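Hi,

Here is the structure I promised to pass on. Have a look at it first, then read my notes below.

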Amino acid sequence: MCGIVGYIGPRNATPIILDGLKRLEYRGYDSAGIAVLTARGVELRREVGKLHRLQTLVENEPLEGNLGIGHTRWATHGAPSRRNAHPHLSENGKVVVVHNGIVENFLVLRDELAAEGAQFRSETDSEVIAHLIERFLSRDTGLVEAVRQTLRLLKGSNAVVVMSALEPDKIVTARLGNAGGIVLGFGEGEMLVASDLPAILEHTRRVAFLEPRQMAVVQRDGVEVFTLEGEKVALKPTVAPWDPVAAEKGEYRHFMQKEIHEQVRGLADTIAGRVDFETGRVYLDTLNLTAETAQRIRKIFITACGTAYHAGLVGKILIERIARVPVEVMVASEFRYADPLVGPDDVVLAISQSGETADTLAAMEEGRSKGAMLWSIVNAIGSQAMRIADGYISMQVGPEIGVASTKAYTAPLVDLYMLAVLLGDLCGVLPEGERRRLVNDLRLVPDLVGRVLEREDEAVAVAKKLKDIDNCLYLGRGINMPTAYEGALKLKEISYIHAEGYPAGEMKHGPIALLDEDTPVIAIAIQDPWYEKMLSQVKQAKARGAPVIAVATDGDELIPPVADAVLWVPPTPWLLSPVVTVVPLQMLAYHIAAMRGLDVDQPRNLAKSVTVE
Ligand code: F6R
């Protein structure tokens with residue numbers, strides 16, 4: 001996952017930045033780079049692979065200067081290579097940019113710039129930012145205003161750090177959404193900027209975090225913060241804890257809350273390097289999948305536990321709809337005892353955050369013993385489920401510390417979507433136009449999730465209403481039925497409130513008897529193919545006196561009159577909607593548990609890695 005470090009002050013920026021990047025290595029990356037303003041002007045050093053390679057390059061070609069920015073990159077647009085690594089320069093080499101996130105409208109912006117004669121040196125979306133800033137600067141605008149005008153043109157959740165040889169007294173940085181934060185470090189006559197706290201803690205513990213849609217002008221002796229609209233914002237630095245684990249929590253109270261917010265960045269990294277938005281193709285190299293193998297597959301058995309199982313339920317709909325390959329989803333603890341009809345032309349696909357869950361591994365073994373091909377979608381690099389599989393997809397969301405899984409739920413949803421597109425393509429069942437549309441929709445995902453996260457206040461307000469309940473029901477249909485299961489699981493495991501996820505259409509066959517004014521119903525009723533049915537379900541629950549909380553699409557006018565509260569989500573292509581609709585439910589569960597004063601990150605009786613049957 002991308003990391004950023006910047007420095008301005010009296011010391012040589014180079015070792016401070018390289019050391020900061022080292023402390024972000026745990027996030028994962030495939031290339032790294034640094035830009036320093038030296039006596040010769042802005043100089044870049046960039047290298048593919050691990051940071052020690054960049055360090056060797058810098059030892060051989062040293063950089064000395066008091067202003068610099070550095071970056072570790074997970075490839076999104078364009079393969080890992082020196083020229084695609086950050087920082088990126090503008091055409092005249094005077095503006096330098098590092099960037100986390102995805103510029104959703106970069107193709108349009110790049111085409112406009114190219115029509116004006118711009119020459120690009122990389123395939124990245126980030127480079128357009130440098131070009132745009134240069135254009136605005138050339139219109140007699142200062143750096144701060146040029147950055148502000150550029151940011152106004154960018155769509156998506158992005159974090160940007162900029163320096164320029166033309167105004168060497170400052171770094172300008174901004175956070176456009178939730179694609180990773182920006183933390184500012186206040187030193188003695190020096191300032192640091194980073195994507196994550198551990199990068200700067202060695203130099204200062206006085207820190208402040210930017211909110212979405214804020215930008216900061218960082219100078220040696222302090223910082224000014226504005227909204228993107230130019231309004232000045234008062235910044236209150238706080239003192240960060242020394243404890244490296246606590247420090248990793250950054251601005252958040254619990255890991256779970258941090259991990260919920262990390263989903264924007266995690267999803268951008270999930271897509272990173274795996275899709276080509278121009279050709280509309282998906283690349284999942286570690287799956288080792290050829291067209292011949294894809295066409296041979298008779299059936300895919302998805303097996304997993306808990307949250308990962310819910311991801312599998314969404315995966316079934318995605319793979320069957322997009323690739324037309326039959327899928328069966330089985331709870332891993334049942335798999336080996338069910339004597340499943342698995343054979344050599346089948347795939348057993350295990351989904352596991354830890355990659356060490358005993359039941360999931362046993363299901364994989366069962367598949368192996370019956371001659372099936374084994375795939376896994378795993379977060380923990382090098383774990384057993386990754387090692388024993390014939391092919392795997394790694395989740396790219398970084399370590400998940402909170403016991404309740406959040407970012408390791410949304411990432412596999414996107415992995416399964418990409419897998420479905422790849423399979424559909426290799427099996428020849430996906431027309432080109434449809435494939436391009438499906439791939440194009442992926443670009444929207446990080447920002448859509450970011451927009452939900454910006455509405456945490458709505459989840460807090462609902463949490464206040466629900467924090468003392470004893471029971472509740474989550475209802476969903478179609479592709480959001482698993483969202484109902486997952487929402488209920490999140491609530492029960494961290495708040496100890498009894499919650500059931502149910503297919504909404506099943507209500508009338510029994511559970512409707514439970515409804516009364518003390519049993520709230522949480523209904524996922526977004527604008528998807530099941531909307532009308534869900535609307536009628538909401539009305540039925542309301543008629544039984546149950547308080548209704550609806551997850552609904554912005555602009556819906558039929559839901560508010562029949563719901564007691566609404567958790568709004570932006571319009572989303574329905575096949576990707578479970579990635580978005582689960583987010584308010586994660587926040588709701590988190591805030592209810594936090595309000596109840598519970599140990600959110602380590603709920604009673606639960607372990608992060610379940611290595612026993
Ligand atoms: C719930 C949760 C669990 C895990 C399950 C599987 O929030 O985290 O339900 O999803 O124990 O764990 P992994 O994914 O490590 O196999």
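Which helices each supply at least two residues of the shell around the ligand? They are helix H10 (306-323) and helix H18 (481-495); helices here are DSSP runs of H or I with at least four residues, numbered from the N terminus.

Before going on, some ground rules. This is a predicted model, where local features need pLDDT of at least 70 and side-chain atom pairs count only at pLDDT 80 or more, while totals for chains, interfaces and linings use all residues. Residues are numbered from 1 along each chain as its sequence is written, and side-chain values use heavy atoms, with hydrogens and water left out.

Back to the ligand. There are 14 residues around it, and Ser-352, Gln-353, Ser-354, Thr-357 and Glu-493 come nearest (near means a heavy atom within 4 Å). By type, the shell has five nonpolar, seven polar and two charged residues (Ala, Val, Leu, Ile, Met, Phe, Trp, Tyr, Cys and Pro count as nonpolar, Asp, Glu, Lys and Arg as charged, and the others, Gly among them, as polar).

Why does the ligand lie between two domains? Because domain 2 (250-450) and domain 3 (455-599) both give residues to its shell; the bounds come from an automatic or database domain assignment.

Cheers
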